[in-house]
Each structure stands twice: as C-alpha cells, then as structure tokens.
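Work through the exercises below with the sequence and the 3D structure in view. Each task is followed by a solution in steps.

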Amino acid sequence: MDESEKQGGKTREELLETVERIAQNLRRRELFLAFMSLLVGAGYLGVMIAWGSVRLRDFVSHGRGQPAVVFWYLLFFTLLYNAVHFPVAYLRGWVLQKRFGLSKGGFKRWLWAQVKKYIVSALFVVLLGEFMYLFLRHFEKTWWFYAWLAYLFFSLVLNRYAGRF
C-alpha cells in the first residue's frame, strides 16, 4: 500500500467505514428526534383537544367579534405549539447539527432563523384560518364542493410539478 492511500495512518477503507458509522449514528439520532417531534405534536394536540382548546377560546373571546376570536385563537394556538415544540427543534436544529459538524453558524443566527420561521408559520396559519372561516360563513351549503375543487386543483398541480422543484 502506498502513502497516497493512507491519511492519518488509516486506509481508505477504514476512513469509509468510519464515515459510514458516523452517518448511521446521525440517521439514527435524526429518526429518534423526528419521532419525538411527532410525539410532542400529538401530545400538544391531545392536551388541546381534551382541555386547552376551550380554555384558549374562552381566553381570547372576551368582548371580541368572530374574526378577532379566530385571529387570536389561531395565533396563540400556533405560538403555544412552537413554544412546546422548541426543545425538540433545539435538539434537532442546533445540538445535532453542531455535534456532527453540519453547521458552522452561531447560536444567535440559528435562534433568529427559528424566530423568523415561527413568525411566518403563525402568519400563514392565521391567514389561512381566517380565510377558511370567512369562506365557511359565506358558503354555508356549498363549501364542501369548493373545497373539493381546490383540493382537486392543488393535487393535480402538485402531481404535475412536484418532481420539478
């Protein structure tokens, strides 16, 4: 074996085995954290269904009209979910990435990216929720047909163009 095949006293095969072992370890941890993320999300929804949703609705509905109640409910619902989910996001997005050398950025940059992500998701949920309630109020008897048309349109568009992005 010549010197070009050795790096730091290890052969090419030994280096590949080490990299493969590290990659398997990373995949195993990512899968575990994805499962934990699923459990946290399901737990949050379970608590909200069993207890928290009515309390949240009562909290945001004092003296407000229907659009304002929907806005504040969806905003707080999303912000609470993000707060509950933050520890898992921290482990997945910061700790794991740093441990395996996949991120060179600082903690402040990562935290700012998370805050931006949470703001965008909250705005998206609130806007879509308000639109849905407005839609349901104006089309009480035929909403299901329009929802089906929208679903059909988006599923066809996604089927057609999903592979191109």
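The exercises go from the whole chain to single residues and pairs.

The model is predicted, so local features need pLDDT of at least 70 and side-chain atom pairs count only at pLDDT 80 or more, while totals for chains, interfaces and linings use all residues. Residues are numbered from 1 along each chain as its sequence is written, and side-chain values use heavy atoms, with hydrogens and water left out.

**Exercise 1. The whole chain**

Task: State which secondary structure the chain has, and compare its radius of gyration with that of a compact globule.

Solution. Step 1: count helices (DSSP runs of H or I, at least four residues) and strands (runs of E, at least two), numbered from the N terminus. There are four helices and two strands, in the order β-β-α-α-α-α along the sequence.

Step 1: take the radius of gyration over C-alpha atoms, and for the globule use 2.2 Å times the number of residues to the power 0.38. The chain has 23 Å, whereas a compact globule of 165 residues would have a value near 15 Å. Along the principal axes, the C-alpha atoms fill a box of roughly 80 × 40 × 30 Å.

Step 2: find the share of buried residues (under 20% relative accessible area; exposed is over 50%, partly exposed in between; 1.4 Å probe, protein chains only). Buried residues are 20% of the 165 in the chain.

**Exercise 2. The largest nonpolar core**

Solution. Step 1: a nonpolar core is a set of buried Ala, Val, Leu, Ile, Met, Phe, Trp, Tyr and Cys residues joined through side-chain atoms within 4.5 Å. The largest one has 12 residues, including Tyr44, Met48, Leu56, Phe77 and Val126.

Step 1: Helix α2 gives the most, with six residues.

Step 2: look at one member, using contact (heavy atoms within 4.5 Å). Beyond its neighbours within four places in sequence, Phe77 is in contact with Tyr44, Leu45, Met48 and Leu56.

**Exercise 3. A residue of α2**

Task: Decide whether Asn82 is buried or exposed, and list what Asn82 is in contact with.

Solution. Step 1: Asn82 belongs to helix α2, which covers residues 66-99. Step 2: its relative accessibility is 8%, so Asn82 counts as buried. Step 3: setting aside neighbours within four places in sequence, Asn82 is in contact with Tyr118 and Ser121.

**Exercise 4. An aromatic pair**

Task: Classify the pair formed by the rings of Trp94 and Phe107.

Solution. Step 1: rings of Phe, Tyr and Trp (its six-membered ring) pair if their centres lie within 6.5 Å; planes under 30 degrees apart count as stacked, over 60 as edge-to-face and the rest as tilted. The structure holds 20 such pairs.

Step 1: the ring centres of Trp94 and Phe107 are 5.3 Å apart and the planes are at 75°, so this pair is edge-to-face. Trp94 is in helix α2 and Phe107 in helix α3, so the pair ties together parts 13 residues apart in sequence.

Step 2: Trp94 is buried at 15% relative accessible area, whereas Phe107 is partly exposed at 35%.

**Exercise 5. Salt bridges**

Task: Say how many salt bridges the whole structure has.

Solution. Step 1: a salt bridge needs a side-chain nitrogen of Lys or Arg within 4 Å of a carboxyl oxygen of Asp or Glu. The search finds two.

Step 1: Arg27 meets Glu20 at 3.3 Å, N to O, and Arg57 meets Asp58 at 3.0 Å, N to O.
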